[in-house]
Amino acid sequence: MVKQGPPKKTVVVSGGTDGMGRGMVLARLKQGDAVIAIGSSPEKGRQLGLEAAGLAADDRFHFIRADLSSIAENERVVTKIAELHPAVDALVLCANRQSPRREVTAEGLESTFALYYLSRYLLSHGLRAQFDAAPAPVIINIAAAGLKVGEVNFADLQYEAKYSTIRTQIQAGRANDLLGRSLADDPSSKVRVVLYHPGFTKTLGGITHLKQPVKGIITLLSTMAAKPVEKAIAPMVAVIDDPPAEVLTGNNQGKPVDLAMKTFDPANARKLASVTHRLVLTQYGDSPLLPNATKERTDTSFLGGLDSPRQGDAPHRPIEFS
Ligand SMILES: NC(=O)c1ccc[n+]([C@@H]2O[C@H](COP(=O)([O-])OP(=O)(O)OC[C@H]3O[C@@H](n4cnc5c(N)ncnc54)[C@H](OP(=O)(O)O)[C@@H]3O)[C@@H](O)[C@H]2O)c1
């Protein structure tokens, strides 16, 4: 039942217009929360607004249209969230899109890396002031925690050598595992982090851009074998009310994930955090979303021979990290 009165919690959902993100938005609106949904499609945002109105929750719902594969757009989103709410209790990270061929953003980054991993890094750090203003904040990163397959290939983070849809998705999943470890080991706020693998779930938003026959096969498999969104997200809907005491936890389809797995290796997590920070500086320039922004700004010696970053520069040359 929808609660009246002041919102219970403030929840931000990236990729909140479809699939599990949309499910989280509606579930938390029903709980009486104020919810911000972020997605790139204005039409999906409008539809969700109508659903919020149907729940008598339109005054607690806000849609931000944004392309989260863009660093500038993530900055704009964080600014808008801060204007709307001084405190954020939960950030649910769902935005993802499978890309059948390699695409590069206007900022010079491979699009799956930029959307599925980098946006999550930027929002997780960029909302640090809003997390610290909330009593028990939590980030729920819905990806593939607990899977062993794949790794982060530091020599080809942008998939310049070998591109495949599956490989980019797997690598971004492993990057999100390392992001969780890094947020726990080197936190920029008091936020708790829950990494969640929902298992095969009946959502179709991420495959609309795929070609046949792959699209048809996934649609058929989804109809036959995938679980409903409500079932997949149920544990995460509950986590918002009662975040774990531990800074980092992993959950694979209801089972705890062993964080000693190689996929959460602390050294790799530190390395990815450092490389990501440097990548943003070189490809884009300084950003208030970056953790330790002031410290890094004054110490650019780690950039080696790379150009000094300047905000607004055109995308720089491709960079390889080893
Ligand atoms: N479904 C599964 O079986 C499954 C299994 C394991 C893990 N996962 C993971 O769970 C998460 C959620 O999956 P899902 O299946 O629920 O996703 P989905 O149905 O494909 O929805 C993806 C969401 O991301 C948004 N989005 C896509 N590109 C965007 C962009 N450039 N900027 C902003 N928003 C963008 C979409 O909204 P717009 O269209 O409005 O942009 C949509 O709201 C993903 O990370 C996925 O990898 C899913």
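Eight strands form an open sheet in the order β3-β2-β1-β4-β5-β6-β7-β8, and the pairing within this sheet is mixed. At its edges stand β3 (61-65) and β8 (255-256), each of which pairs on one side only. The model is a predicted one, and its protein chain holds 10 helices and 8 strands. Of the 322 residues in the protein chain, buried residues make up 46%, and among the chain's contacts with a separation of 6 or more, 78% are accounted for by residues 24 or more positions apart.

**Strand pairing in the sheet**

- Strands of a sheet pair through backbone hydrogen bonds, and the pairing may be parallel or antiparallel.
- Strand β1 (residues 10-14) and strand β4 (residues 90-93) run parallel and are joined by 4 bridges, with Val-11 standing opposite Ala-90 in β4.
- Strands β5 and β6 also run parallel, joined by 5 bridges, and Ile-140 has Val-194 in β6 as its bridge partner.

**The enclosed strand β6**

- In strand β6 (residues 192-197), 6 of the 6 residues are buried, so the strand is largely enclosed by the rest of the structure.
- In a regular strand the side chains alternate between the two faces of the sheet.

- Helix α1 lies across β1, β2 (34-39), β3, β4 and β5 (138-142), and the direction of α1 is at about 165° to β1.
- Two packed helices are described by the angle between their axes and by the distance between the axes.
- The axes of helix α1 (residues 19-30) and helix α8 (residues 229-241) come within 9 Å and cross at roughly 50°; α1 and α8 are therefore oblique to each other, and α1 passes α8 in a right-handed crossing.
- On the α1 side of this contact are Gly-19, Met-20, Gly-23, Met-24, Ala-27 and Arg-28, which meet Val-229, Glu-230, Ala-232, Ile-233, Met-236, Val-237 and Ile-240 in α8.
- The residues of the contact of α1 with α8 divide into 9 nonpolar, 2 polar and 2 charged.

**Helix α6 against α9**

- Helix α6 (165-185) and helix α9 (residues 266-283) pack with their axes 8 Å apart and at an angle of about 95°, which makes α6 roughly perpendicular to α9.
- From α6 the contact draws on Ala-175, Leu-178, Arg-181, Ser-182 and Asp-185, while α9 provides Pro-266, Asn-268, Ala-269, Arg-270, Leu-272 and Ala-273.
- By residue class, the contact of α6 with α9 divides into 6 nonpolar, 2 polar and 3 charged.

**Positive phi values in two loops**

- Tyr-159 has a positive phi of about 55° although it is not a glycine, and Tyr-159 is placed in the loop between β5 and α6.
- With 17 C-beta neighbours inside 10 Å, Tyr-159 counts as partly exposed, because a residue is buried if 20 or more other C-beta atoms lie within 10 Å of its own and exposed if 12 or fewer do.
- Gln-253, another residue other than glycine, has a positive phi near 50°, and the place of Gln-253 is in the loop between β7 (248-252) and β8.
- Gln-253 is likewise partly exposed, with 16 other C-beta atoms within 10 Å.

Definitions and conventions. Residues are numbered from 1 along each chain as its sequence is written. This is a predicted model: local features need pLDDT of at least 70, side-chain atom pairs count only at pLDDT 80 or more; totals for chains, interfaces and linings use all residues. Axes are lines fitted to C-alpha atoms, for helices over the stretch in contact, and angles run from 0 to 180 degrees between N-to-C directions. Angles under 35 degrees count as roughly parallel, over 145 as roughly antiparallel, 65 to 115 as roughly perpendicular and the rest as oblique. A crossing is left-handed if the near helix is turned anticlockwise from the far one by less than a right angle, and right-handed if clockwise. Two residues are in contact if their C-beta atoms, placed from the backbone, lie within 7 Å. Ala, Val, Leu, Ile, Met, Phe, Trp, Tyr, Cys and Pro count as nonpolar, Asp, Glu, Lys and Arg as charged, and the others, Gly among them, as polar. Two strands pair if DSSP finds at least two bridges between them.
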